[in-house]
Amino acid sequence: MPRQDTHGPTHPGPPPTAVCVGESMAVLLPDRPGPLESVDGFRLSVGGAESNVAGALAALGVPSAWISRVGDDGFGRRLLAEVAARGVDVSGVAVDPHRPTGLYLKEVGGTTGDRHDLGPGRSRLHYHRRGSAAAALSPELLADPAAAALLAGARLLHLSGITAALSDDCLALLRALLADRRPDRTVSFDLNWRPALWRDRDPAVLPPLLDAADLLLLGSDEAEAAFGTGDPAALRRRFPSPATVVVKDAARQVTALERDGTTVTEPALAVEVVEATGAGDAFAAGYLAGTVRGLDQRRRLRLGHLSAACALTAHGDQAELPDAAVVAALLDASPAQWAATRVTAAGITGPALHRAAARRTADPVRPADRAPSADRSRAQ
């Protein structure tokens, strides 16, 4: 199947260390908050869990690729161009001449007073993805030369439960990827529970998929909805095979539970939320970036928290992290300094940043240019 012309490089920079596989879609963003019926216009953008993670990994300095399918249409071209512009390798994305690119509309809450208004800081996504090009992903992908080359070189493979819900062929692809175990490759799996996608499908297929991963990411609320419990210890018992199970308890804390019984819990940062969409993907990217870099468990969790906090204070699915000195200071902060940190749309404040100011130089180096800690042994 042909590749899309993105009018840009499909191999931006070093060979990808991380490969993310799954559907992404065109997005229509409202020109103002309020119920959809009150919106006069929309702005075209793109979004999707796996491409969001790939883009955030690239911003964190991790060479990444996204593998999927898009329709041979304007939405597909826009999607590929924007993902490639984030520094993500899209050479493994196929163009489907018969199926469309998926689409969703974002509804943003405001203060209109309308009874259908979701309210400030809240949003809802309306999906139009049935029969999309990405729903035709299948194990045949493994025989595609471009995708196979990316998968063969990846040290990290990221998947999610969304893909399993799209079609039987997509489910078969996940099973094939999880069965292809390699000692030099970590497979991460984010539950990404989407109840609407499972209305006509059996979610009983999910637990074996999750238990086959090396690294499992779960939101406690979504795990409660899908499996009847959001308790980290219970989820660790439910999924004994992954080396690490990471359970996110919304704005409170995140707990990482190792197979050997080691448990690390890190509280979330205080955040002035602008919009919640994309925060889970940002956390996953931050945590995975820390994993690839070989950071200790606490710093991995903190990098995930910081990435999520920046996403929460920005409109859209992607947000930039602060400069490297600020990131390093926060990763190394004492528990009291971390707890006193506050993240808003205007910036980050807290006692740990006095050190960052002293270390900052005139050269505006961002996390995309170098690692945020002294450990630079990454292959991100």
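## Rings and a helix

The charged end of R129 sits over the ring of Y127, 4.7 Å from the ring centre (NZ of Lys or CZ of Arg within 6 Å of the centre and within 35 degrees of the ring normal). This is a predicted model, in which local features need pLDDT of at least 70, side-chain atom pairs count only at pLDDT 80 or more, and totals for chains, interfaces and linings use all residues. Residues are numbered from 1 along each chain as its sequence is written, and side-chain values use heavy atoms, leaving out hydrogens and water.

Rings of Phe, Tyr and Trp (its six-membered ring) pair if their centres lie within 6.5 Å; planes under 30 degrees apart count as stacked, over 60 as edge-to-face and the rest as tilted. By this rule there are four aromatic pairs, including these two:

| Pair | Centre distance | Plane angle | Class |
|---|---|---|---|
| Y104 and Y127 | 5.3 Å | 50 degrees | tilted |
| F227 and F239 | 5.4 Å | 70 degrees | edge-to-face |

Y104 in strand β7 and Y127 in strand β8 are 23 residues apart (helices, H or I, have at least four residues and strands, E, at least two, as DSSP runs numbered from the N terminus). Y104 is buried at 3% relative accessible area, while Y127 is partly exposed at 29% (buried is under 20%, exposed over 50%, partly exposed in between, with a 1.4 Å probe and protein chains only). Both F227 and F239 are buried.

Now to helix α5. C170, L171, L173, L174, L177 and L178 are buried there. Seen down the axis, the buried residues of α5 fall within an arc of 155 degrees, so they line one face of the helix (the arc is that of the directions from the helix axis to the C-beta atoms). The face turned away from that buried side carries the exposed residues D168 and A179.
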